[in-house]
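This report describes one protein model, going from its sheet to selected residues. Please look over the sequence and the structure before reading on.

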Amino acid sequence: MPWVIDTCLLIDIADADPQFATASATLLDAKRPEGLVISPVTYAELAPVFDGDAARQELFLYHLQVSWSEAWTHTETQAAHAAWHRYVQSRRLQRIPKRPMADILIGAFAERFDGLLTRNESDFRSVFQTLPILVP
């Protein structure tokens, strides 16, 4: 079963980030035999990196052997619904920092797969406590 890649790792590689690119690429290389996918949310989040050029973006993903065509399912909708509820409850109790909805959607999508590859484990762990997460 494939691993879901968080947007930050792909940006690290696309921008040749001097601090994170090598570690992010190494993690993707290690998990490539199991398969690599991104959520539709990550696909949209990458648009500015490629100046909105979908063909350039898809060529970049193709060369990394990352699938970008996995459909969003009702299961992800239900998982995101539950996760957003948990997140808002925790925020009301001031137990966790503010997070964007995109992280909730990416985490919910990742629950269907082997897990999530991200630099931001704590951002996801607070809401997706049982999700396998690997960091570079």
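## Terms and basis

Helices (H or I, at least four residues) and strands (E, at least two) are DSSP runs, numbered from the N terminus. The model is predicted: local features need pLDDT of at least 70, side-chain atom pairs count only at pLDDT 80 or more, and totals for chains, interfaces and linings use all residues. Residues are numbered from 1 along each chain as its sequence is written, and side-chain values use heavy atoms, with hydrogens and water left out.

T73 belongs to the loop between β3 and α5. T73 counts as partly exposed because its relative accessibility is 25%; buried means under 20% relative accessible area, exposed over 50%, and partly exposed in between (1.4 Å probe, protein chains only). T73 and R112 are 39 residues apart along the chain, and their C-alpha atoms are separated by 9.6 Å.

E76 is part of helix α5 and is buried, because its relative accessibility is 1%. Residues up to four places away in sequence aside, E76 touches A71, A108, F109 and R112, where contact means heavy atoms within 4.5 Å.

## The sheet

Five strands form an open sheet in the order β3-β2-β1-β4-β5, with parallel pairing. Two strands pair if DSSP finds at least two bridges between them. At the edges are β3 and β5 (133–134), each of which pairs on one side only. Strand β1 (residues 3–5) and strand β2 (residues 36–37) run parallel and are joined by two bridges. W3 stands opposite L36 in β2.

Helix α6 packs on the sheet and touches β1, β2 and β4; the direction of α6 makes about 165° with that of β1. Axes here are lines fitted to C-alpha atoms, for helices over the stretch in contact, and angles run from 0 to 180 degrees between N-to-C directions.

## Aromatic rings

The structure holds four aromatic pairs. Rings of Phe, Tyr and Trp (its six-membered ring) pair if their centres lie within 6.5 Å; planes under 30 degrees apart count as stacked, over 60 as edge-to-face and the rest as tilted. One of the pairs is W72 with F109, which is stacked at 6.1 Å centre to centre and 15° between the planes. This pair links distant parts of the chain, 37 residues apart: W72 is in the loop between β3 (66–67) and α5 (74–92), and F109 is in helix α6 (residues 101–110). W72 is partly exposed because its relative accessibility is 30%, whereas F109 is buried at 0%. Ring pairs join W72, F109 and F113 into a cluster.

Two arginines lie over ring faces: R86 over F128, at 5.9 Å from the ring centre, and R119 over F20, at 3.9 Å. A charge sits over a ring if NZ of Lys or CZ of Arg is within 6 Å of the ring centre and within 35 degrees of the ring normal.

## T118

T118 sits in the loop between β4 (116–117) and α7 (121–125). T118 is buried, because its relative accessibility is 0%. The side chains of T118 and D6 are joined by a polar contact of 2.6 Å. A polar contact is a pair of N or O atoms within 3.5 Å; within protein, one must be able to donate a hydrogen and the other to accept it, and residues adjacent in sequence count only if both atoms are side-chain atoms. Leaving aside neighbours within four places in sequence, the contacts of T118 include D6, C8, F124 and P136.
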